[in-house]
Amino acid sequence: MSIAGAKASRISWKRIGLLAFVLVLIGLVGYAVHWVLDEVRTSRHQAAWLAGIDREVRFAPGPGPSPSIRYPGPGPADTRLGYHQLPQRIERLRERGYEVERQARLSARMLALDDQGLFVPYTEKTHAGLALDDCGARPLYRAHYPERFYPDFAAVPPLLVASLVRIENRELLDPPPTRNPAIEWDRLGKAVIDQLLRRVDESHGAGGASTLATQIEKFRHSSEGRTETAHQKLLQMASASLRAYLDGEDTTARRRRIALDYLNTVPLSAQPGFGEVNGIGDGLFAWYGRDFAEVNRLLAPGAPQSPARALAYKQALSLIVSERRPSYYLGADGARALRQLTDATLRHLAEAGVISPALRDAALPLALAPARRAAPQPQPVFNERKAATALRAHLQALLAVPHAYDLDRLDLSADTSLSLPVQKAASSILRSLDDPDGAKAAGLYGFRLLSPGDDTSRIVYSFTLYERGKGVNLLRAQTDSVDQPFDINEGARLDLGSTAKLRTLITYLEQVDALHREWSGLDPKQLQALKPKANDAIARWARDYLVGAQDRGLRPMLEAAMERSYSADPGEGFFTGGGLHHFVNFEASEDSQRFTVREALAQSVNLVFIRLMRDVVRHVMAADAASDAELLGDRDNPQRREYLARFADQEGRVFVIRFYRKLQGKSADEVEEILQQNIRVTPLRLASLFFGLEPGASDAQLEAFLRHWLPGNDADPAELRAKAGPERWGLADRGYLAGVHPLELWVAAWLRTHPKATLSETIAASAAQRQEVYGWLFKTRHKGAQDERIRTLLEQQAFVEIQRDWKRLGYPFDSLTPSYATALGASGDRPAALAELMGIVVNRGLRLPLARLPELRFGTGTPYETRLDYAPRPGARVLSPEITDVVREALLGVVDHGTASRLKGALKRPGGSGVEIGGKTGTGDHRFDVFGRGGRLISSRVVDRTATFVFLIDDRWFGTIVAYVHEPYAANYKFTSALPAQLLKAVLPSLQPLFDGTSCRPDPG
């Protein structure tokens, strides 16, 4: 071969090689293009890849706190369902006695996805809410949000699906089965180009590329449901893509679920009267007042064309298109724009063949009128779900959830201690008492019960029942007959009458217990050397008992204390509560008798417990180093001035508060007129009054004042100034001259110059004046008056100590009325607090925590699943077992031969033997009395009438039952505590499932 031929051959091979390279390159590019086009069309490769990742995405609950759990950010759905706030709520619950029993564990892949900022893929709940079950796993309360939803894809009218897909995501339901629903490539490409062009020309419109899948990720999990950056959009798309392949490479079912979930959960702003609106179902109700089932019937396949069908479709379609700006389109300003957008969409759907021209033409003329407020929803009968309402309030406080509205939307289920069968039965009985026939069936008519003609509908009944559990008290029933959310068991301060004798008795026995601990180890000689104060009857009795006792044990001493006797004579006056009081017995036949403490409790004898309370108070006072004997006997004791100053401050404060409320907000003329209402007007009195109000006033101003209020008088202003001028008299004397309480005069002057002063500011400013007004009290010639007031203060101090003891046993209020009448109920109480006291007796001195919600479950079936069980600390010992044993025996006597004897033998065991029932009755007749000079009763108005029985059954159950009437009806009733005792007798048969142990077993099947 010649050189030229060889050279030509080499060029030929180069050309062949280059051609081959080009062909290969073209083939590779073609293959790449084919691969990309195929991937765009089928998503088969990403399907394999993403499905492989999803196979490693797992979570499952395990025992105890999870070492591998992550909580979501503050997305709307994660906040509404409570997932985002779970760490704080778990910690709060731990502080309140709960422990994490089970919690979700996340796989390594799931944790890695979370670390990358993705929303972790799992099948999310589209509707959830608070669920409460009773102790037998029976539904007690259910809240579902959204309330109206499609249970599955087959339930959605195809017309609605086709419309949604055409508007929002045309390729969503198209083949092939491996399609990624998170991306529509043509829309994505157009959106990218539009964004680039917009950077060059800001006026260029730029549409979005969000598919339904990415929209769902946005409005569920992005902060405030928004997309602020391109990075956030990519995270939404990636998260939606992963979620799409959770079932494997075939996304057909998942894509249908996307359409379903969107329709069920799309946010549609909030509507007054309804709250947050999510989903087409709730949207139709909240914005158009439509029945969801009716709309679906009208839109079902084969439904005949009609104006009703056209309207239903147009309303549903308007909600779908309003999602772009729901607050605007569904608001008052957007109604016209919503109609225009909906009509344009109707035309587009008809052109695309999604709807028929007939449906379009029928719908176009129809008006859209979104309501400005949701239609009222059926309201629950409160007394039917009273316990659930109380439990929700307790749960709301437990979790620090601001509103019941928010609580009901949490993905939370809870087991309660309530027994639904018992709850329903008791509620049914209480509701039946509104009718005379129901009251008659319960045996509520008769002596000391209801009288013929009583309006039974005005009486409110309340019933609470607890069971002693293992280390806790379990609430089994809590109901009342009030058809309102208010709960009188825990929400009212009621005069529960002689039930306060139980608290008084326990305080008395505690004092005996304390003396036993202090003195029982002393020999008789040491005991004889003790010198209890003269008026400390309890200490003197304890010393004498121990001197002669054969058995110095605590129980015999407590039994002996129950046998101490007191007179029931009502003739004695009692200086208590700052004045002289007389008390009466319920039965006049008791007046001439003496009763032991045990007998007095059984028969509820008032005067015995007034005298017992006096002994209790005096014993507390005697324990004070600054005893009344020392203070009252020595007029030079320096502590007297301290006590008198305290009295002046307290008494003066009461008057300042009263006068502030009387005069605040009144004009100057109105105040001047009020100050003159109860005085005989003279020029001197008016002058004294005027200088008290205007100390810097001139004679001319005084003359004008007199002319205004006492026309025709000829008094000389200069002469009046000389007699009543501001520099002549102090506040107390000026008040005397004016005939007005000096503190009322001071408050009037203060408000004249400080019209916007608050009550607390007024009290603070009056400190010196309160002392000044009572200056006479500090003079030793008034020793009798001083002693009276010191005695009142010492008594008040004693009641502060008694209140602390009562508070330790569950008394619900921070103060007691400082009067012996507290033994008869004057300080008020609550049924729930009385039940807790009875629980201490049943538990032999242990104050056990109350378990209303033994188990809480957050996010069941989600990566945030957490179960917490109530595991409180051991109960606190607040009374000795010996005291509670003695008290229990005395309470059984109330039923055996006392005021609740109608309950004797009312409950039998299966073998026929009786079940022990005990308790304490109480009748409260709370009155508003007005007294005149010398203590004369001017008027008396009955404010409340209550009858209460706080009870125990055997050594396991306890509770309260109350009948209550408020003014203006209270004065019409004469029933006593016999009424709740009889009512308990009527209720007892309905409690049988508790007593035989079947109440808290799940229903068969």
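Is C1000 buried, partly exposed or exposed? C1000 is partly exposed, with a relative accessible area of 26%. Here buried means under 20% relative accessible area, exposed means over 50%, and partly exposed lies in between (1.4 Å probe, protein chains only).

1. Basis of the note. This is a predicted model, in which local features need pLDDT of at least 70 and side-chain atom pairs count only at pLDDT 80 or more, while totals for chains, interfaces and linings use all residues. Residues are numbered from 1 along each chain as its sequence is written, and side-chain values use heavy atoms, with hydrogens and water left out. Helices (H or I, at least four residues) and strands (E, at least two) are DSSP runs, numbered from the N terminus.

2. The disulfide. The structure holds one disulfide, a term that stands for a pair of cysteine sulfur atoms within 2.5 Å. The disulfide joins C135 to C1000, with an S to S distance of 1.9 Å. This pair links distant parts of the chain, 865 residues apart: C135 is in the loop between β3 (131-133) and β4 (139-142), and C1000 is in the segment after α42 (992-995). The link of C135 and C1000 is left-handed, with -80 degrees about the S-S bond.

3. A137 counts as exposed, at 52% relative accessibility.

4. The open sheet. Seven strands form an open sheet with mixed pairing, in the order β1-β2-β17-β16-β7-β3-β4. Two strands pair if DSSP finds at least two bridges between them. The edge strands are β1 (59-63) and β4, each of which pairs on one side only. From one strand to the next, the twist averages 15 degrees.

5. Bridges to β17. Strand β2 (residues 98-106) and strand β17 (residues 866-870) run antiparallel and are joined by five bridges. In β17, D869 is the bridge partner of E99, and L868 is the bridge partner of V100. Strands β16 and β17 also run antiparallel, with four bridges between them. The bridge partner of F858 in β17 is T866.

6. Helices on the sheet. Helix α4 (residues 86-95) packs on the sheet and touches β2, β16 (855-858) and β17; its direction makes about 150 degrees with that of β2. Helix α17 (residues 386-399) lies across β2, β3, β4, β7 (412-415) and β16, and runs at about 60 degrees to β4. For these angles, axes are lines fitted to C-alpha atoms, for helices over the stretch in contact, and the angles run from 0 to 180 degrees between N-to-C directions. Contact means heavy atoms within 4.5 Å.

7. Helix α2. This helix (residues 44-55) has twelve residues and reaches 16 Å from its first C-alpha to its last, close to the 16 Å expected at 1.5 Å a residue. The expected span of a helix is 1.5 Å times one less than its number of residues. Among the buried residues of α2 are L50, A51, G52 and I53.

8. Helix α24. Helix α24 (residues 537-548) has twelve residues and spans 17 Å from its first C-alpha to its last, close to the expected 16 Å. Its buried residues include I538, W541, R543 and Y545. The elements that cover the buried residues of α24 include α22 (500-519), α23 (524-529), α25 (554-562) and α27 (606-622).

9. A buried glutamine. Q423 is found in helix α19 (residues 420-432). The residue is buried, with a relative accessible area of 4%. Leaving aside neighbours within four places in sequence, Q423 is in contact with A387, L418, R476, A477, Q478 and T479.

10. Backbone details in loops. A cis peptide bond joins Y145 and P146, with omega about -5 degrees; P146 is placed in the loop between β4 and α6 (158-168). The peptide bond from P175 to P176 is cis, and its omega is near 5 degrees. P176 lies in the loop between α6 and α7 (185-200). R448, in the loop between α20 (436-441) and β8 (460-468), has phi near 65 degrees, a positive value in a residue other than glycine. At 30% relative accessibility, R448 counts as partly exposed.
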